[in-house]
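Please look over the structure shown here before reading the report that follows.

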Amino acid sequence: MQYYSLQNHQHRASFREAVIQGLAPDKGLYFPLEIPKLDKDFAERLEEYDPLYIARKVIQPFIGDEIPEHHLKQIIRDTLSFPFPLREIEENVYALELFHGPTLAFKDVGARFMAGCLGYFRRGNEKPVTVLVATSGDTGGAVAQGFHHVPGVEVVILYPSGKVSELQEKQLTTLGGNIHALEINGTFDDCQRMVKTAFLDAELQAQRPLTSANSINVARWLPQMFYYFMAYRKVKHWHKETVISVPSGNFGNICAGMMAAAMGLPVYHFIAATNVNDTVPRYLQNGRYEPHSAVPTLSNAMDVADPSNFVRILQLFAGNERALKASLSAYSFTDKETAAAMEAVFREHQYLMDPHGAVGYLGLKQYLRQHPGHTGIFLETAHPVKFTNVLPEGLRAGVDMPERIQQLFHLQKTAVRMDADYAQLKDWLMQA
Ligand SMILES: *Cc1c(COP(=O)(O)O)cnc(C)c1O
């Protein structure tokens with residue numbers, strides 16, 4: 001498969017080049033030259049197939065022959081090595097739990113898949129490549145876990161000081177080895193800006209080749225399509241029009257879902273649910289894309305004001321605003337509404353949501369109020385234990401902390417503190 005840059009449609013790259021570079025040299029995101037179409041028969045009979053087979057059918061056209069089949073099978077086996085249960089919460093409302101991986105958030109899938117691809121492409125290479133990544137909370141831990149001990153790969157993670165939970169911080173600052181954490185005095189958007197600047201710095205890249213493991217990297221973005229096939233596989237026999245609500249920050253996950261739909265997965269409608277960082281809901285209302293600065297919320301992994309992947313969604317619809325609106329609704333919710341939803345769902349259904357899942361739930365409920373009669377799924381993107389510190393008082397006792405998570409709190413944090421200043425980052429990268 002060839003990819004082109006969204007900044008310059010003439011610029012082309014192979015899957016391998018897109019994975020290794022992360023971002024095109026002109027700063028554009030990579031986008032597949034063609035959208036592969038699934039056989040109708042395949043979509044109709046999804047529930048008959050094994051998830052590993054489905055995953056390979058779905059991702060293979062995006063890779064072509066750049067990874068041999070037996071190796072791709074292995075990468076998929078390593079990626080999807082935990083369950084994705086679908087739970088009925090109330091009538092016509094289901095949660096697809098994506099948090100049963102090693103770092104208890106859905107980003108494990110993309111991170112592990114990308115680590116597998118990059119490890120394959122860099123095998124036998126003498127000069128290591130550095131994965132440089134900004135995290136608003138969960139990316140860091142998932143990338144750290146996914147790439148820990150992958151030969152030929154160093155990982156540098158930037159995270160906003162004081163804006164990630166204690167558990168998230170432990171997950172990205174305690175592994176050691178090839179994993180390095182930089183604690184930035186600033187916001188996630190600052191971290192993301194510093195990372196993007198580094199990618200464009202030819203002098204730095206000559207000394208130290210960089211790639212990204214944010215959802216801008218196609219190898220992290222595309223495997224997120226698997227969730228939607230997994231969900232559909234389980235709900236298909238309901239014979240209802242199924243809508244999916246995705247708690248969204250950088251819009252990588254929902255964009256993967258919309259790519260799955262473009263390939264032929266019959267999802268009736270998507271709902272992007274955001275916290276008060278509502279650039280996309282405002283855009284769908286008034287047609288103006290106007291990011292404010294990011295505001296900290298309970299659902300911190302979605303505190304993104306200028307979501308990188310939204311341009312990919314626009315590209316999927318080739319500027320056809322009517323078609324976009326027919327496929328996508330977006331709503332935003334305050335922390336107060338989020339906390340109230342967590343309490344109400346726990347009280348009425350004994351189901352404990354994390355703040356991100358709760359935003360997804362709220363988005364789904366709002367859509368269903370306006371469009372009754374659909375079946376809805378919201379993606380529960382993180383285990384509530386990751387956010388115990390922000391759960392409403394009455395819910396904290398209900399959280400079971402897995403053993404391997406308890407152990408993390410005894411480990412020593414190691415991070416380099418730095419201002420939100422590109423010059424400091426560059427110095428550190430040139431010297432380290
Ligand atoms: C990253 C993250 C999100 C947002 O996903 P995007 O792909 O950035 O929109 C939602 N929930 C959790 C728990 C996350 O870690």
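Where is the place of Gln350? Gln350 sits in the loop between helix 16 (335–349) and helix 17, where helices (H or I, at least four residues) and strands (E, at least two) are DSSP runs, numbered from the N terminus. Before going further, note that this is a predicted model, in which local features need pLDDT of at least 70 and side-chain atom pairs count only at pLDDT 80 or more, while totals for chains, interfaces and linings use all residues. Residues are numbered from 1 along each chain as its sequence is written, and side-chain values use heavy atoms, with hydrogens and water left out.

Most residues other than glycine have a negative phi. Gln350 has a phi near 55°, a positive value in a residue other than glycine, and Phe251, with a phi near 65°, also has a positive value without being glycine. Phe251 is found in the loop between strand 10 and helix 12. To describe how much of a residue can be reached, the words used are buried (under 20% relative accessible area), exposed (over 50%) and partly exposed (in between), with a 1.4 Å probe and protein chains only. Gln350 counts as exposed because its relative accessibility is 58%, whereas Phe251 is buried, with a relative accessible area of 3%.

**Around the ligand**

A residue is near a molecule or strand if one of its heavy atoms lies within 4 Å of it. There are 15 residues around the ligand, and those that come nearest are Lys107, Asp138, Gly249, Asn250 and Thr381. The table gives distances for some atom pairs.

| Protein atom | Ligand atom | Distance |
|---|---|---|
| Asp138, polar side-chain atom | oxygen | 2.6 Å |
| Asn250, backbone N or O atom | oxygen | 2.8 Å |
| Thr381, polar side-chain atom | nitrogen | 2.8 Å |

Asp138 lies in helix 6 and is buried, because its relative accessible area is 4%. The side chain of Asp138 is also joined to that of Lys386 by a polar contact of 2.8 Å. A polar contact is a pair of N or O atoms within 3.5 Å; within protein, one must be able to donate a hydrogen and the other to accept it, and residues adjacent in sequence count only if both atoms are side-chain atoms. Another such contact, of 3.5 Å, links the side chains of Asn277 and Asp303. Asn277 has its place in the loop between strand 11 (269–274) and helix 13 (279–286), and Asn277 is buried, with a relative accessible area of 7%.

**Cavities and pockets**

On a 1 Å grid over the protein atoms alone, a cavity is a set of points where a 1.4 Å probe fits but cannot get out, whereas a pocket is an open set with protein on both sides within 12 Å along at least five of seven lines, and lining residues have an atom within 4 Å of a point. Grid points are joined across faces, edges and corners, and a volume is the space filled by probe spheres set on the points.

A search of the whole structure finds three cavities of 30 Å³ or more, and the largest cavity has a volume of about 260 Å³. Of the 24 residues that line the largest cavity, Phe106, Lys107, Gly249, Asn250 and Ala301 are the closest to its centre. Helix 6 (138–147), strand 10 (242–247) and helix 12 (252–263) each supply at least two residues of this lining, with the largest share, three residues, coming from helix 12.

The largest pocket has a volume of about 600 Å³. Of the 24 residues that line the largest pocket, the closest to its centre are Lys27, Gln192, Lys196, Asp306 and Ser308. Helix 8 (188–199) and helix 14 (310–316) each supply at least two residues of the lining of the largest pocket, and helix 8 gives the largest share, five residues.

**Cysteines**

A disulfide is a covalent bond between the sulfur atoms of two cysteines. With a disulfide taken as a pair of cysteine sulfur atoms within 2.5 Å, the count comes to zero disulfides. Cys117 is in no disulfide, and the nearest cysteine sulfur, that of Cys255, is 18 Å away. Cys117 counts as buried because its relative accessibility is 0%, and Cys191, at 0% relative accessibility, counts as buried too.
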